[in-house]
Amino acid sequence: MFEDSLVDSGGRLKTNAKYWVWGTAALNACIIAFLIIYPLLNPESLPKTAMTALLTAPPPPPPPPPPPPPAAVVKPIKMISEIDEGLHAPTKIPKKIEMVKEDSAPPPSTGVVGMAGMSGGAGNGVFGGVGMGNVPTPKVSAAPPPKPAGPARISGGVMAGSILERTQPVYPPIARAAHVSGAVVLHAIIDKNGNIKNLQAISGPEMLRGAALDAVQHWKYKPYLLNNEPTEVDTTITVNFNFGGG
């Protein structure tokens, strides 16, 4: 009794399991097909990062390195000496040796360059020629020194001894009343004739400068000689003012 029931139940269970296997396999195949086909039909449903990863092209490969430059070919240079140093033995010995007779040297002719005490030479060792006597030595004169450009710079003390005519300055009454005294220094250019060419006050009290200019512009100097020629002079003139006089 129990054996029959076990056999019958075993047959039914095997038959139901077979259908379940096929049904499960078909359901799984449908699910997989749906998961593959649906994204292809609706690409907008995919995440943007996935689309970007799929559409981004890989970077191009780096360019190949440039070929190395060709190596310079150095050609050896053979140096040939033009001077054969040393003595070498002849390769062949001649059977007959001829004696060469040299002609005698010609006699010295008149007028050939010579030294003192030699025939045909010029006296005192001076170079000479045919029909010519002693050649005088040319004299070289020294070049004159160059002339200075512009007026010569001479100190005021040196030019003070060359004054021919001097006009005493008039003490301004306003400066005397104000008890203003002192020295006025003037810059002057003296021409070749000894006359004042350009005169300017460079220092001293302002009240006394005009009186100094009025007096010095009429002064007369002796012409200054440089290399025995009259020359313009650039110098300074000092005019002292005190209460005792100009």
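Which residue in strand 8 is the bridge partner of Gly182? Select Gly182 and look across to strand 8: the partner is Phe241.

This is a predicted model, in which local features need pLDDT of at least 70 and side-chain atom pairs count only at pLDDT 80 or more, while totals for chains, interfaces and linings use all residues. Residues are numbered from 1 along each chain as its sequence is written, and side-chain values use heavy atoms, with hydrogens and water left out.

Next, select strand 3 (residues 182–190) and strand 8 (residues 233–241), which pair in the antiparallel sense over nine bridges. Strands here are DSSP runs of E of at least two residues, helices are runs of H or I of at least four, and both are numbered from the N terminus. Two strands pair if DSSP finds at least two bridges between them. Along strand 8, Thr235 is the bridge partner of Ala188.

Now show the whole open sheet: four strands in the order 1-8-3-4, with mixed pairing. Strand 1 (152–153) and strand 4 (196–203) are at the edges with a single partner strand each, so one side of each has no neighbour in the sheet.

Last, go to Ser162, in the loop between helix 3 (156–160) and strand 2 (163–165). Ser162 is buried, with a relative accessible area of 14%; buried means under 20%, exposed over 50% and partly exposed in between, with a 1.4 Å probe and protein chains only. Leaving out residues up to four places away in sequence, Ser162 touches Lys220, Tyr221 and Lys222, where contact means heavy atoms within 4.5 Å.
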